[in-house]
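Dear colleague,

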Amino acid sequence: MGCFPLELLIADHAGFCGGVRRAFQMAEEAGQEHGKWYTLGPLVHNEEVIRYFENQGIKPIHQLSEINGGGIIIRSHGVTPEIIREVEEKGYLVKDATCPLVKRVHNLAQMLRGEEYEVIIFGDRNHPEVQGILGWCDYRATVIASVDEARELKQVNKLGIISQTTKSEEEYQSVITELFPKAQELRAFHTICPASRKRQEAAGVLCNEVDMMLVIGDESSSNTRTLARKCIAGVKTLLIRTAKDLKKEDFEGISRLGITAGASTPDWIIKEVVEKMTQFDDVAPQEQNQETTNEESFANVEAQETTGNEESFAKMEAQMADLATPNRGDVIKGTVIQVLDDEVMVDVGGKSEGVIPLRELSVKDVNSAKELVSVGEEIEVLVLKWDDDGTILLSKKKVDSKKVMDQLENDFKEGKVIEGTVAGTVKGGLLVDVGVIAFLPASHVEDGYVKNLDEYVNKTYSFKVIEFNRTKKRGSQIVVSRKELVEAEKSKQRDAFWASIEEGQIVKGKVKRIVDYGAFIDLGGFEGLLHVSEIDHVRIDHPSSVLTEGEEIEVFILALDREKQRVSLSRKKLLKSPWEIVLSKYNEGDIIEGTVVRIAPFGAFVEIEPGVDGLVHISQLADRRVEKPQDVVSVDEKIKVKILSIDPEEKRIGLSLKEANENSEEQEVQEYLDNQEQE
Ligand code: F3S
């Protein structure tokens, strides 16, 4: 007797595969449409499903000649190109539910034949899928069903190998290995469907955890048969078509039961089986074909056990909900199982594995997917489509973009400040990465004109969304601006500046702009004018001869006009005046060098420091009578002079060339006498 309630464990991958589910959905759509619809051959290898559609008026036919009008549903197994041509010629409506994976095998068969390979199809000769594939290589292919048959093949030049999608992967590998030495050139394509493989692998894993496996499916399904074979190899296995095939005595001595189902088994049959298993305890005797001993035993099941079954059933239901193959447009959660440079493999649960190509990973431009995700990470993805090679094409970028767009829309409505990094320049502005790419018009980069936009690239700033239009086809859907924020920041700085500034203060500033009449100095959010006359004590030709844009300098707050918000600055005030230099550097009696800068009838003016001239009166030019100063000195001549007097009040300096010369003569005589003495 079974240990009821049994612990039921459902395989991770079981029931309808993506291709069959797609065909099922297309047939359901057809059932809603006007007109008569037929399936060319049974839609799937499952009597229940066929009956389900017959009840909706969708009948299977074996040949096109059986009908005269209506619509044809091509099942997931696919058909030959001749059938497609015939359907088109007869003008029938068509719903082509050929599984994308099978379509890929068609394309490969056609390509291999076109390139004159000897085509080998590993599969069951009479299987409709293989029949279809044969048509795509002009029936010029050899079908082999086993390694033994592969061994029989003769040596050829070029061999191309493909497989029926539902065959066992190990067997296909053995076939390829066997055929490998038989050709000079061999091309083998992996065409086994991952759905079949996954069902087989999941069933294999479950076999190790249970006392018995229940395989649900139709014996006519190759997929189900392969699955059952796999289970039989591991543990006691029972193949049933529907819940009606269940007999309680089959589970004698079993406490853990594993359940799996072929790719053509619909969810409702799995559910019925699970329900029936969980109801075994409560089943009324008349409903059972059991012996009395069994009935008694069922009646004795305790309430606690029933609760256990309910929980188990709820778990099963949750698992079955999980089994649904995601449809195009679904947003689903998945776990990253492999990360390559150019793509990411994602386990999206239930039955499927998906691929995110690098271009669909992120709005960011990266060289490798490894920069963005890692194995084990849970991510949300959008199902884009079933790709030609049968994998599900996913996009993380679109999910992320949608989330970011939703957030941005909210930020736009609420006028929030967002952060973004300038990604590059374009005509008329900059591109900014704010999670998606937004446009920043050049006129909104600052609160004034910006000469060089390149300076902003790769830098992060705060922005406000000023335009958001999800449906916009041309141009950017999001436009951002810094202008308002920059203005606000400057106004804040201005207020702080005026609150703290006083005349007479010495502050630091940056030379922002140089103009002919001076320079504008940025004092931290506010600009003051340093007039040319306030740059230095000495006359300068142009402000740029002293200052450089960007340079930091100290300035003196000369005057403030709070009303007009003007600040006058002085640099000169912080420098020593030439007279201060003269007073600190020279004394009366010093002999110094100077330059004759001007000659007057009464003497010559000699510059001894920039901006400070002294006068050598005509009487002090030589120790003889001088008619005209220019008889002794000329402009620009460098001469040695003696300081006779310094009058800081009158700012006058009296110099003497004559005494400087006498001094030097005396010095020469002294030096001569010193030398004589030494001799
Ligand atoms: Fe199903 Fe297509 Fe694979 S029909 S089993 S997904 S080849």
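**The second largest cavity and its lining**

The lining of the second largest cavity divides into six nonpolar residues, one polar residue and no charged ones. Before going further, please keep in mind that this is a predicted model, and that every value below was computed from it. The residues that line this second largest cavity are Thr-39, Pro-42, Leu-43, Ile-50, Phe-53, Ile-58 and Pro-60, and the space inside the cavity comes to about 40 Å³. The count of cavities of 30 Å³ or more is two.

Gly-57 can be described next, and its place is in the loop between helix H2 (47-54) and strand S3 (59-61). Gly-57 counts as partly exposed because its relative accessible area is 24%, a value between the limits of 20% and 50%. If residues up to four places away in sequence are left out, Gly-57 touches Lys-36 and Trp-37. Gly-57 and Gly-35 are 22 residues apart along the chain, and their C-alpha atoms are separated by 9.7 Å.

**The chain as a whole**

The chain has 679 residues, of which 45% count as buried, and its secondary structure consists of 16 helices and 32 strands. The chain exposes about 35,500 Å², and carbon and sulfur atoms supply 46% of that area. If you take the contacts between residues at least 6 apart in sequence, 66% of them join residues that are at least 24 apart.

**The largest pocket**

How is the lining of the largest pocket divided into nonpolar, polar and charged residues? It divides into seven nonpolar, four polar and 15 charged residues. The lining has 26 residues, and those that lie nearest the centre of the pocket are Glu-446, Lys-490, Lys-512, Asp-522 and Glu-527. The space in this largest pocket is about 980 Å³. Helix H14 (483-500) and strand S23 (506-515) each supply at least two of the lining residues, and the largest share, five residues, comes from H14.

**The ligand and the residues around it**

Around the ligand you will find Cys-17, Gly-19, Val-20, Ser-76, Cys-99, Leu-101, Thr-165, Cys-193, Ser-196 and Asn-223. This shell divides into five nonpolar residues, five polar residues and no charged ones.

One of the residues around the ligand is Ser-76, which lies in the loop between strand S4 (71-74) and helix H3 (81-89). Is Ser-76 buried or exposed? Ser-76 counts as buried, because its relative accessibility is 8%, and the limit for a buried residue is under 20%. Leaving out residues up to four places away in sequence, Ser-76 touches Gly-19, Val-20, Ala-23, Ala-97, Thr-98, Cys-99 and Val-102.

Asn-223 is also one of the residues around the ligand, and in helix H9 (residues 222-232) it is among the buried residues, together with Ser-222, Thr-224, Thr-226, Leu-227, Ala-228 and Cys-231. The buried residues of H9 pack against helix H8 (194-207), strand S10 (212-216), strand S11 (236-240) and strand S12 (256-261).

**Exposed residues in two loops**

The loop between strand S20 (437-441) and strand S21 (460-468) holds Asp-454, and Asn-458 lies in the loop between S20 and S21 as well. Asp-454 counts as exposed because its relative accessible area is 51%, where the limit for an exposed residue is over 50%. Asp-454 and Gly-429 are 25 residues apart in sequence, and from C-alpha to C-alpha they are 10.0 Å apart in space. Asn-458 counts as exposed because its relative accessibility is 62%, and its phi is near 70 degrees, a positive value in a residue other than glycine.

In another part of the chain, Lys-651 is found in the loop between strand S31 (638-647) and strand S32 (652-656). The phi of Lys-651 is near 55 degrees, which is a positive value in a residue other than glycine. With a relative accessibility of 51%, Lys-651 counts as exposed.

With best wishes

Conventions. Residues are numbered from 1 along each chain as its sequence is written. This is a predicted model: local features need pLDDT of at least 70, side-chain atom pairs count only at pLDDT 80 or more; totals for chains, interfaces and linings use all residues. Side-chain values use heavy atoms; hydrogens and water are left out. A residue is near a molecule or strand if one of its heavy atoms lies within 4 Å of it. Ala, Val, Leu, Ile, Met, Phe, Trp, Tyr, Cys and Pro count as nonpolar, Asp, Glu, Lys and Arg as charged, and the others, Gly among them, as polar. Helices (H or I, at least four residues) and strands (E, at least two) are DSSP runs, numbered from the N terminus. Buried means under 20% relative accessible area, exposed over 50%, partly exposed in between (1.4 Å probe, protein chains only). Contact means heavy atoms within 4.5 Å. Accessible areas come from the Shrake-Rupley method with a 1.4 Å probe; for residues, only the protein chains shown count as cover. On a 1 Å grid over the protein atoms alone, a cavity is a set of points where a 1.4 Å probe fits but cannot get out, and a pocket is an open set with protein on both sides within 12 Å along at least five of seven lines; lining residues have an atom within 4 Å of a point. Grid points are joined across faces, edges and corners, and a volume is the space filled by probe spheres set on the points.
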